[in-house]
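Subject: Structure handover

Hello,

Here is the structure I promised to pass on. Please open it first, then read my notes.

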Amino acid sequence: MLFSIHAELHSVISDEIERVRERMIRLGDQFGLMHPEVQQCSRQLDELLLKFYELDLKMKRKQRPLRTRP
């Protein structure tokens, strides 16, 4: 159950990453990379990527079987 919630959130964050990335590219083409809106998109993208990788790591840890000591 928890894994499916994580998987759904993973998908939602992935979609949002793509949306923000595309917006950042459009704004960068229009205004230049140093424009405040482009910089804000870049920071937002960084935050989303960190959330994505943190969730990804949690999902991978949940999938690993527990090791028993000999």
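Below are the notes on the fold, then on one histidine.

This is a predicted model, in which local features need pLDDT of at least 70 and side-chain atom pairs count only at pLDDT 80 or more, while totals for chains, interfaces and linings use all residues. Residues are numbered from 1 along each chain as its sequence is written, and side-chain values use heavy atoms, with hydrogens and water left out.

**Overall**

The protein chain has two helices and zero strands. Both terms refer to DSSP runs, numbered from the N terminus: helices are H or I with at least four residues, strands are E with at least two. Of the 70 residues in the protein chain, 23% are buried. Buried means under 20% relative accessible area (1.4 Å probe, protein chains only). Take the contacts (heavy atoms within 4.5 Å) between residues at least 6 apart in sequence: 68% join residues at least 24 apart.

**Helix α2**

Helix α2 covers residues 36-63. Its buried residues are Val38, Cys41, Leu45, Leu48, Phe52, Leu55, Asp56 and Met59. An α-helix has 3.6 residues a turn, so residues three or four places apart point the same way.

**Histidine 10**

Histidine 10 sits in helix α1, residues 2-31. Its relative accessible area is 16%, so histidine 10 is buried. What does histidine 10 touch, not counting residues up to four places away in sequence? Phe52, Leu55, Asp56 and Met59. These four are among the buried residues of α2.

Best wishes

Notes: Buried < 20%, exposed > 50% of the residue type's maximum accessible area, 1.4 Å probe, protein only. Expected span 1.5 Å × (residues − 1).
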